[in-house]
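Colleague: Please take one part of this model and go through it closely. I would like the cut-offs stated along the way.

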Amino acid sequence: MELTIDLAVLLAVVIAVRLRRRTEARSRNDEKLTVAIVLVFGVLIAPTAFGQGILDIVSQLAQGVTESGSP
């Protein structure tokens, strides 16, 4: 499990570096690679306690938005 967390941290750093570049400097293939890296990062972090916490927060926000929109 520790290897997965270390790989997730490495991917987080790679994502941060890739997203700091200007949008105009990215090609379509570069954007596709960034999306693939983000998806792998999500799969790696999902089973961790941190990933579950993020899921809980997002689901509470979605539930609040849904409830506020209903009469």
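Modeller: At 12% relative accessibility, Thr34 counts as buried, where buried means under 20% relative accessible area, exposed over 50% and partly exposed in between, with a 1.4 Å probe and protein chains only. The model is predicted, so local features need pLDDT of at least 70 and side-chain atom pairs count only at pLDDT 80 or more, while totals for chains, interfaces and linings use all residues. Residues are numbered from 1 along each chain as its sequence is written, and side-chain values use heavy atoms, with hydrogens and water left out.

First, the setting. The protein chain has 3 helices and 0 strands, in the order α-α-α along the sequence. Helices (H or I, at least four residues) and strands (E, at least two) are DSSP runs numbered from the N terminus. Of the 71 residues in the protein chain, 15% are buried.

Thr34 sits in helix α2, residues 28-45. The 18 residues of α2 should span 26 Å at 1.5 Å a residue, and its end C-alpha atoms are 26 Å apart, which agrees; the expected span is 1.5 Å times one less than the number of residues.

Along α2, the buried residues are Asp30, Thr34, Ile37, Leu44 and Ile45. Seen down the axis of α2, these buried residues fall within an arc of 85 degrees, so they line one face of the helix. The arc is that of the directions from the helix axis to the C-beta atoms. On the face of α2 turned away from the buried side are the exposed residues Arg28, Asn29, Lys32, Val35, Leu39 and Val43.

Back to Thr34. Its side chain makes a polar contact of 3.0 Å with the side chain of Arg18. A polar contact is a pair of N or O atoms within 3.5 Å; within protein, one must be able to donate a hydrogen and the other to accept it, and residues adjacent in sequence count only if both atoms are side-chain atoms. The Thr34 side chain also reaches the backbone oxygen of Asp30 at 3.0 Å. Leaving aside neighbours within four places in sequence, Thr34 is in contact (heavy atoms within 4.5 Å) with Arg18 and Leu19.

Thr48 lies in the loop between α2 and α3 (49-69). Thr48 is buried, with a relative accessible area of 12%, and its side chain reaches the backbone nitrogen of Gly51 at 3.2 Å.
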